Amino acid sequence: MNDAPTADPFRATDWFKSSYSAADNECVEVSCVSAWVGIRDSKAFPRDRLIVSADAFAVFISSVKDGSQ
């Protein structure tokens with residue numbers, strides 16, 4: 001099993017936010033590094049990020065789309 005990366009690999013990557021986000025940048029942003037997804041608050045991005053596996057993130061997004069979460 002791969003260990004989750006530290007936050008450092010996410011510093012040099014592009015972060016993306018939903019097109020549904022408000023114009024004042026109050027949203028959640030995501031970034032992908034290898035098999036991991038970084039999640040951060042756009043209002044407080046210098047703070048720590050949540051890092052999850054790409055598989056876990058895909059399950060989360062799928063469950064949100066189908067309304068099971």
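Which residue in E2 is the bridge partner of Phe-16? The bridge partner is Val-30, and the rest of this predicted model is laid out below. The chain comes to 1 helix and 4 strands, with the elements running β-β-β-β-α from the N terminus on. Helices (H or I, at least four residues) and strands (E, at least two) are DSSP runs, numbered from the N terminus.

**Ground rules**

- Because the model is predicted, local features need pLDDT of at least 70 and side-chain atom pairs count only at pLDDT 80 or more, while totals for chains, interfaces and linings use all residues.
- Residues are numbered from 1 along each chain as its sequence is written, and side-chain values use heavy atoms, with hydrogens and water left out.

**The sheet**

- The strands form an open sheet of 4 in the order E1-E2-E3-E4, with antiparallel pairing; two strands pair if DSSP finds at least two bridges between them.
- E1 (16–17) and E4 are the edge strands, each pairing on one side only.
- E1 and E2 are antiparallel over 2 bridges.
- Strand E2 (residues 28–33) pairs with E3 in the antiparallel sense over 6 bridges, and here Cys-32 stands opposite Val-37.
- E3 and strand E4 (residues 50–53) pair in the antiparallel sense over 4 bridges, with Ile-39 opposite Leu-50.
- In general, strands of a sheet pair through backbone hydrogen bonds, either parallel or antiparallel.

- Strand E3 (residues 36–41) is mostly covered, with 5 of its 6 residues buried.
- Buried means under 20% relative accessible area, exposed over 50%, and partly exposed in between (1.4 Å probe, protein chains only).
- Arg-40 lies in strand E3 and counts as buried because its relative accessibility is 14%.
- The Arg-40 side chain makes a polar contact with the side chain of Glu-29 at 2.6 Å.
- A polar contact is a pair of N or O atoms within 3.5 Å; within protein, one must be able to donate a hydrogen and the other to accept it, and residues adjacent in sequence count only if both atoms are side-chain atoms.

**The hairpin and Ser-34**

- The hairpin of E2 and E3 has 2 residues between the strands, and Ser-34 takes a positive phi near 55 degrees there.
- Ser-34, in the loop between E2 and E3, counts as exposed because its relative accessibility is 76%.
- Ser-34 and Pro-9 are 25 residues apart in sequence and 9.6 Å apart in space, C-alpha to C-alpha.

**Helix H1**

- Helix H1 (residues 54–65) has 12 residues and reaches 16 Å from its first C-alpha to its last, close to the 16 Å expected at 1.5 Å a residue; the expected span is 1.5 Å times one less than the number of residues.
- H1 lies across E2, E3 and E4, running at about 95 degrees to E4. Axes are lines fitted to C-alpha atoms, for helices over the stretch in contact, and angles run from 0 to 180 degrees between N-to-C directions; contact means heavy atoms within 4.5 Å.
- Just after H1, Gly-67 takes a positive phi of about 80 degrees.

**The aromatic pair**

- Searching the whole structure finds 1 aromatic pair: the ring centres of Phe-57 and Phe-60 are 6.4 Å apart and their planes stand at 40 degrees, so the pair is tilted.
- Rings of Phe, Tyr and Trp (its six-membered ring) pair if their centres lie within 6.5 Å; planes under 30 degrees apart count as stacked, over 60 as edge-to-face and the rest as tilted.
- Both residues lie in H1, 3 residues apart, about one turn of the helix.
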